[in-house]
Amino acid sequence: MDILNEQDKARMCDEIAAFFREEHDLELGVIGTGKILDFFQEMLGERVYNRALDDAKKFYERYADNMETDYYALYKDAR
């Protein structure tokens with residue numbers, strides 16, 4: 001499954017080609033840049049996805065903690 005649409009993939013391939021041209025004085029074609037992009041998607045995709053899930057979990061845990069505090073702050077002092 002590709003995580004990028006065709007426009008994003010083409011833009012990323014252009015960036016990869018520019019990087020190799022500027023940093024290594026290498027000219028890569030569409031096939032070469034596509035293979036590099038596919039390689040990094042495969043190598044990093046699941047790691048990035050899992051990290052995003054971990055970050056989202058931390059955010060919602062903080063949100064839930066704040067919500068509980070806010071909930072108890074609504075109580076009125078009944079004597």
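Two residues are in contact when heavy atoms of theirs lie within 4.5 Å. Keep that in mind for this model, which is predicted.

Start with helix α1. Helix α1 covers residues 6–24, which makes 19 residues. From first C-alpha to last, α1 reaches 26 Å, close to the 27 Å expected at 1.5 Å a residue. Look at the start of α1. There, a side-chain oxygen of Asn-5 comes to within 3.1 Å of the backbone nitrogen of Gln-7. Now look past the other end. Asp-25 follows α1, and the phi of Asp-25 is positive, near 55°.

Which residues of α1 are buried? They are Lys-9, Cys-13, Ile-16, Ala-17 and Ala-18. The buried residues of α1 pack against α2, which spans residues 30–73.

Is Thr-33 buried or exposed? The cut-off for buried is under 20% relative accessible area. Thr-33 has 3%, so Thr-33 is buried. What does Thr-33 touch, leaving aside its neighbours within four places in sequence? Thr-33 is in contact with Cys-13, Ile-16, Ala-17 and Leu-28. Cys-13, Ile-16 and Ala-17 are among the buried residues of α1.

Leu-44 is also placed in α2. Its relative accessibility is 42%, so Leu-44 counts as partly exposed. Leu-44 belongs to a nonpolar patch on the surface, along with Phe-39, Phe-40, Met-43 and Val-48. Together these residues have about 490 Å² of accessible area.

Now turn to the charged side chains. How many salt bridges are there? The count comes to 5. One of them joins Arg-11 and Asp-8, with the closest N and O atoms 2.4 Å apart. Arg-11 is partly exposed at 48% relative accessibility. Asp-8 is partly exposed too, at 26%.

Lys-57 and Glu-61 meet through their side chains, at 2.6 Å from N to O. These residues are 4 apart in α2, so they too are separated by about one helical turn. Glu-61 is partly exposed, at 37% relative accessibility.

Glu-27 and Arg-21 form another salt bridge. Their closest N and O atoms are 3.6 Å apart. Glu-27 counts as exposed, at 60% relative accessibility. Arg-21 has 36%, so Arg-21 counts as partly exposed.

Note on methods:
Residues are numbered from 1 along each chain as its sequence is written. This is a predicted model: local features need pLDDT of at least 70, side-chain atom pairs count only at pLDDT 80 or more; totals for chains, interfaces and linings use all residues. Side-chain values use heavy atoms; hydrogens and water are left out. Helices (H or I, at least four residues) and strands (E, at least two) are DSSP runs, numbered from the N terminus. The expected span of a helix is 1.5 Å times one less than its number of residues. Buried means under 20% relative accessible area, exposed over 50%, partly exposed in between (1.4 Å probe, protein chains only). A polar contact is a pair of N or O atoms within 3.5 Å; within protein, one must be able to donate a hydrogen and the other to accept it, and residues adjacent in sequence count only if both atoms are side-chain atoms. Patches are made of residues with over 30% relative accessible area and no salt bridge: like charges are joined within 9 Å, nonpolar side chains (Val, Leu, Ile, Met, Phe, Trp, Tyr) within 5 Å. Accessible areas come from the Shrake-Rupley method with a 1.4 Å probe; for residues, only the protein chains shown count as cover. A salt bridge is a side-chain nitrogen of Lys or Arg within 4 Å of a carboxyl oxygen of Asp or Glu.
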